[in-house]
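Welcome to a short tour of a protein chain. Have a look at the sequence and the model, and then we will walk through them together.

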Amino acid sequence: MSINKYRSHYLGDLRKENSEATVTVSGWVKKKRNLGELIFVDVRDGRGYAQVIFTKDAGEAYELANGLRSEDVVTISGEVKVRKDINTEIPTGEIEIIASDLTVINKAAVTPMIIDEETDALEDTRLEYRYLDLRRGPIQEMLRLRHKITMSVRNYLDGEGFLEIETPMLTKATPEGARDYLVPSRVNKNQFYALPQSPQIYKNLLMLGGIDRYFQIVKCFRDEDLRADRQPEFTQIDMELAFVEEEQIMEIQERMFKKIFADVKGIEIEDKFERMTYDHAMNNYGLDKPDLRFDLKLQDVTEIFANSEFKVFSSAEVIKTIVMPNMADKYSRKDLEKLEQVCKNHHAKGMAWLKMSEEGLTGPIAKFLSDEEKAGLVSNLNLTANDLLVFGADTWDVVCSALGNLRNHIARLENLINDEEYRFVWITDWPLFEYDEEFGRYIAMHHPFTMPQNNKFADNVLETKARAYDLVLNGYEIGGGSIRINDRAIQDEMFKHVGLSEEEVEEKFGFYLKAYSFGAPAHAGIAFGLDRMTMILGGTENIRDVIAFPKNAKAREPMMDSPAYVSEAQLEELNISLREEEK
């Protein structure tokens with residue numbers, strides 16, 4: 001076995017059992033304290049940090065240690081000793097290293113940010129100096145967690161008979177919902193590749209190719225507006241299976257997640273995952289990704305106000321309320337205005353409210369309601385003194401969105417969420433289509449390869465249900481999939497419904513439809529967001545914490561200052577010219 005002059009042990013692995021051993025360790029100086037006779041240096045490597053002590057007996061090593069600064073790169077040899085003053089806050093807190101030798105491999109400039117468990121650096125600074133941010137324990141812990149998840153998934157799927165197969169990154173632009181990232185071709189002038197929004201078409205074709213079970217941990221690209229849990233390039237755990245139906249897909253995925261939680265979190269999940277239809281989720285929770293860790297359901301009170309003289313209610317398609325039990329005295333008018341703003345942020349015109357007291361319902365809208373309407377609320381909602389009611393009155397989709405997001409906001413305000421609880425739920429019976437106001441046409445709610453229920457379309461296409469299923473965990477959609485269309489006639493009809501002409505279908509999907517003429521198996525698939533899963537299991541709400549080199553909110557990578565301008569020569573080679581104002 002070869003001898004490594006830099007390392008006999010990892011700093012973060014040293015324990016009481018290593019006492020009296022002579023070790024060599026390498027890493028970065030985390031912190032130095034010079035007490036004159038003794039110099040204390042915390043040194044960090046990829047597995048943690050430990051305390052090193054330099055005494056004057058160390059001679060030259062002591063003199064060198066006197067000049068150390070944070071982030072200097074060092075190699076140290078010495079003897080492991082048991083500490084008298086144990087530090088219970090860190091895994092290596094029972095030991096220290098008495099140094100006998102020190103080599104300074106590299107001196108570090110003053111860093112632009114604090115490199116510690118906690119840092120006060122702004123996110124843009126952290127992203128610009130991401131290589132420094134990566135030295136911090138919390139970020140490394142997230143990357144280790146991500147690694148554990150991927151290894152658990154790979155081992156599980158291998159045991160279930162899946163083949164891991166890579167699909168191309170340079171592909172063809174096809175309408176899949178979001179904008180494509182385009183890549184110009186130098187060889188084929190004036191033509192462009194697209195980076196894949198997902199491997200959807202390729203994995204369908206793998207099923208046609210007789211690959212019974214496929215999976216891939218794959219990069220996907222979507223040019224869309226960003227948020228805390230979204231990135232322009234993201235990683236998904238993608239899979240497709242031949243000759244299965246919904247139940248088999250769900251069973252396989254549930255076993256996979258139970259293995260992930262056992263492997264990564266040490267949590268045994270015994271129960272079968274809950275099931276809920278899309279309509280039930282929207283009507284009761286307001287969102288298609290309901291967080292089931294707390295109650296506060298939306299309650300429909302439209303019928304109570306069927307003949308109301310209160311114009312806000314009488315003109316509304318739907319009226320729903322959230323009853324906040326025993327919270328009326330906690331919310332001032334100013335507090336309620338803040339809740340109203342949450343609703344407005346989600347397209348509501350406003351938010352009405354009432355408080356229940358011993359005397360009855362009070363609040364700004366109480367005078368506009370009849371005694372019969374008030375009695376209906378009290379009776380139907382089982383109201384008691386000090387209950388607070390907040391109302392949404394508008395179209396069904398606006399009310400659901402506004403109150404659904406308000407529900408989550410209230411839960412965070414009131415600390416109703418148990419962060420140690422994990423609630424999975426399958427959302428089924430999705431609409432196959434939704435109407436897109438921007439494009440003035442129907443679009444597929446999932447994608448245009450999703451099979452309609454009963455293999456047919458309703459006369460009113462918006463009433464057509466899809467054989468689709470999403471998996472939701474703690475209010476996040478972590479994955480979605482569907483039974484795929486494997487019938488050419490159904491696929492042709494689907495393309496017509498989403499507004500594609502025969503010419504467009506032939507241009508964009510001609511190769512795909514040709515493949516289906518040679519015998520297509522029944523097949524289905526699903527894809528999970530690896531970044532989002534890691535985010536949830538890691539207890540962070542920012543997806544950038546779980547990606548080694550993420551983009552910022554403007555889809556830029558500050559570290560490399562990307563995207564960037566390119567030379568005229570490169571553009572000319574690609575046969576591309578810029579508009580004058582953009583040069």
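Is asparagine 18 buried or exposed? Asparagine 18 is buried, because its relative accessible area is 18%, and buried means under 20% relative accessible area, with exposed over 50% and partly exposed in between (1.4 Å probe, protein chains only). Asparagine 18 sits in the segment before strand E1. Leaving aside residues up to four places away in sequence, asparagine 18 touches His9, Asp13 and Val80; contact here means heavy atoms within 4.5 Å.

Before going on, a word on the ground rules. This is a predicted model, in which local features need pLDDT of at least 70 and side-chain atom pairs count only at pLDDT 80 or more, while totals for chains, interfaces and linings use all residues. Residues are numbered from 1 along each chain as its sequence is written, and side-chain values use heavy atoms, with hydrogens and water left out.

## The whole chain

The chain has 15 helices and 22 strands. Helices (H or I, at least four residues) and strands (E, at least two) are DSSP runs, numbered from the N terminus. Along the principal axes, the C-alpha atoms fill a box of roughly 90 × 75 × 60 Å. Of the 583 residues in the chain, 47% are buried. If we take the contacts between residues at least 6 apart in sequence, 67% join residues at least 24 apart.

## Strands side by side

Now to the strands at the start of the chain. Two strands pair if DSSP finds at least two bridges between them. The table lists four pairs, each with an example of bridge partners.

| Strand pair | Sense and bridges | Example partners |
|---|---|---|
| E1 and E2 | antiparallel, 6 bridges | valine 29 and valine 43 |
| E2 and E3 | antiparallel, 8 bridges | aspartate 42 and glutamine 51 |
| E4 and E5 | antiparallel, 10 bridges | glutamate 79 and isoleucine 98 |

A hairpin of 2 residues joins E2 to E3. Strand E2 (residues 38-45) is largely enclosed by the rest of the structure, because 7 of its 8 residues are buried.

Glutamine 51 deserves a stop of its own. Glutamine 51 belongs to strand E3 (residues 48-55) and counts as buried because its relative accessibility is 7%. Which residues does glutamine 51 touch, not counting residues up to four places away in sequence? They are Arg33, Phe40, Val41, Asp42, Arg83, Glu96 and Ile97. With arginine 33, the side chain of glutamine 51 makes a polar contact of 3.1 Å. A polar contact is a pair of N or O atoms within 3.5 Å; within protein, one must be able to donate a hydrogen and the other to accept it, and residues adjacent in sequence count only if both atoms are side-chain atoms.

## Around helix H5

Proline 199 is buried, since its relative accessible area is 2%. Its contacts, not counting residues up to four places away in sequence, are Thr167, Tyr214, Gln216, Val218, Cys220, Gln236 and Asp238. Proline 199 and valine 218 are 19 residues apart along the chain, and 8.2 Å separates their C-alpha atoms.

Why is H5 described as largely enclosed by the rest of the structure? The reason is that 7 of the 9 residues of H5 are buried. These buried residues are Gln200, Ile201, Lys203, Asn204, Leu206, Met207 and Leu208. Their cover includes strand E9 (213-221), strand E10 (233-242), helix H13 (502-516) and strand E22 (523-529). After H5 comes glycine 210, whose phi is positive, near 90°.
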